[in-house]
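Subject: Handing over the two-chain model

Hello,

Here is the structure I promised to pass on to you. Have a look at it first, and then read my notes below.

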Amino acid sequence: MTEKPRTDGERLTAARMATGQSATVVEIKGGQGLVNRLDALGIRPGKRITKVSAAFMHGPVVVRVDRAEVAIGFGMARKIAVQPD
Amino acid sequence: MGNPNVGKSVIFSRLTGVHVISSNYPGTTVGYTQGTMKLGEGQAEIIDVPGTYTLEPTCEAERIALEMLPSGDVVVNVVDATNLERNLYLTLQLLESNVPVVVALNLWDDTKHRGIGIDLDKLRELLGVPVIPTVAVSGEGIKDLVSIIPRAVSPPQKARTSEERWAAVGQIVAQVQQISHRHHTWLEHMADASIRPLTGSIMALAILAGTFVAVRFISESLISYAIDPLFERLWAPVILRLSDLLGGSGLLHDLLIGNTTGGEIDFPGALGLLTTGLYVEFGMVLPYVFSFYLALGLLEDIGYLPRLAVLVDTVMHRLGLHGYAVIPTLLGFGCNVPGILATRILESKRERFIAATLISIAIPCASLQAMIFGLVGDRGVEYVLMVYGTLLAVWVVLGLILRYGVKGFTPELLIEIPPYRVPSRQAVLQKLWRRIRGFVVEATPIVLGGVLLINLFYSFGIFDAIADAAAPVVTTVLGLPKEAVVALIMGFLRKDVALGLMAPLDMTAGQLVVGSVVLAMSFPCIATFVILLREFGLRGVLKATAIMVAASLIAGGILNLILS
């Protein structure tokens, strides 16, 4: 499950969004399993998400999508590429 | 069927009159419950299943939901009206699997204060199935739902890919839903604050500490102002009278009443069925069970627990668990059995095993805690803290060891966080009542049976033989008197009775601390054992039990060295 540390200069991810920032999901950079699970919770390309909070030390990231709030592990959040508004 | 935390269990209770535990967090229901309801002239069987987001399962609880699908003639699809888009995805999947469906549009009252307008007729037309708005907690719309169930239909559908399905959902939502803007409510502000790391941690500490103090306060008040006077003033004279009638001694007298030296009754120590047997359960344990479940029920229904899970996720990962394991763990403080069952919401087998093992070893159930407060608390608060501190240390150390010792990986957290809701008084009280009734029904025969067994064993000298055999380990490693062996063995039956057995042994405070810790950690009580067996199989139980025995001897031994 360990992922190479990446600088990720070109693309913002849900993990690195600022609290309170809104952005549109562009791509889920993960396997089909992850894509399906996020999809089921309504997080998929084209959806607008707003970051609610992030925990200390790379803990889970909470985003609002439609009227639901979803907590996402940091590693997963790093695979959600977004385009800020 | 429906998404997690949309109120399926509440609807089920309303339809069948069979009450199942419901709360405000996804994953309350982890198994299925059957019930029957009157439908027209006949009876219909209804099954309550765990929630699922899609028909492709990701955890044990969702798998259970899917296995139930083919056995249904009609699916009542419960939909969260405040989150139409995500919920309709499952609705379309259900329609595509060609089962007749009716939709219960639940949480209908919430749509109004959340500024959501839904065009019901349009939704019925687009889905092609009956749609009934409901407010399950108050019962609104349930009658309509019942009358519409026979009219469930399965409109012809083409199979869609996930993308096509979302597109279809998007089209439906665009046509039926209107959202008007409105401001954040104070509950939503609280919700945001309680999940941010800084404010959230402070709130979490305050809430947990407050809960602990409140539980203690309510229980102790109940004991000193209600239950003790009841036993002393009303029950004691009856017992003394009975004691006289039985002649003050003899086998029957000892079994029923026990010791009555000096015309006084020592309820915790007399060891009779009608004295200690009743007092341990109703006088010492029940008040704690009552206040614990009252507090837990409120936290559950407000919707706080998933937020706690997010906050502790980072720490829990170090223990090979993820944050959601905090919910089964908290349930374990009431009784280990529902705690271990609730591990079904965890995704991997490894996590489930680690969580369940940690619960059965390091989490004392309410019955045991009540006795710890009652007996150890008498010697001073510092000793109670020692017991809890040791258990916490064990939980952490054992978690670290299991993390490296058990193969597999712990998936990352991915959960939906429900909005805060003001709990309905009726729902909270009903849940409390069910849990207490469950406790009384299950515990009474075992407590009374246990006390009876102990008395018989004493009378026939069986305990002396066992105590002698196990004495070397208990006296040298743990530094306990050899009679304590009896109590430790009784722990297999019920932990509360077992700790009660240590009361008359004249132990030092340190010994009592060691005894409580070992009792908490060693063999699971019989009910926990059965659940572990059912959930993890014989090999799993043997593995867990071996860990337990080793861990309790090590922790008890170390504690003994420090304290003596």
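Helices (H or I, at least four residues) and strands (E, at least two) are DSSP runs, numbered from the N terminus. On that basis, chain A has 2 helices and 6 strands, and its pattern along the sequence is β-β-α-β-β-β-α-β.

Some housekeeping: this is a predicted model, in which local features need pLDDT of at least 70 and side-chain atom pairs count only at pLDDT 80 or more, while totals for chains, interfaces and linings use all residues. Residues are numbered from 1 along each chain as its sequence is written, and chains are lettered from A and ligands numbered from 1 in the order in which they are written.

Chain A

Of the 85 residues in chain A, 44% are buried (20 or more other C-beta atoms within 10 Å of a residue's own; exposed means 12 or fewer, partly exposed in between; C-beta atoms are placed from the backbone). Taking contacts (C-beta atoms, placed from the backbone, within 7 Å) between residues at least 6 apart in sequence, 58% join residues at least 24 apart.

Two strands pair if DSSP finds at least two bridges between them. Strands β2 (22-28) and β3 (48-54) of chain A run antiparallel and are joined by 3 bridges, with T24(A) opposite R48(A). β3(A) also pairs with β4 (61-65) of chain A, again in the antiparallel sense, over 5 bridges; there S53(A) has V62(A) as its bridge partner. The hairpin of β3(A) and β4(A) has 6 residues between the strands, and M57(A) takes a positive phi near 50° in that hairpin.

Where the chains meet

Chain B puts 27 residues in contact with 26 residues of chain A. On the chain B side, the elements giving two or more residues are α3 (84-96), α7 (162-176), α12 (305-318) and β8 (414-417). That side has 11 nonpolar, 7 polar and 9 charged residues, where Ala, Val, Leu, Ile, Met, Phe, Trp, Tyr, Cys and Pro count as nonpolar, Asp, Glu, Lys and Arg as charged, and the others, Gly among them, as polar. Strand pairing crosses between the chains too: β5 (68-72) of chain A and β8(B) are antiparallel over 4 bridges, and I72(A) is partnered with L414(B).

Chain B

Chain B is divided into domain 1 (8-179) and domain 2 (197-563), with bounds from an automatic or database domain assignment. Their C-alpha centres lie 39 Å apart, and 13 residues of domain 1 are in contact with 22 residues of domain 2.

An open sheet of 3 strands in chain B has the order β3-β4-β6 with parallel pairing; β3 (75-80) and β6 (131-133) are its edge strands. In this sheet, β4 (101-106) of chain B is joined to β6(B) by 3 bridges, and A104(B) stands opposite I132(B).

The core

Which residues touch the most other members of the largest nonpolar core? They are A14(A), A104(B), A487(B) and V517(B), out of 183 residues. Such a core is a set of buried Ala, Val, Leu, Ile, Met, Phe, Trp, Tyr and Cys residues joined through C-beta atoms within 7 Å. Helix α11 (273-302) of chain B gives the most to this core, with 12 residues, and both domains of chain B supply at least three residues each. Leaving aside neighbours within four places in sequence, V517(B) is in contact with V387(B), T390(B), L391(B), A555(B), G556(B) and L559(B).

Best wishes

Technical notes
Two residues are in contact if their C-beta atoms, placed from the backbone, lie within 7 Å.
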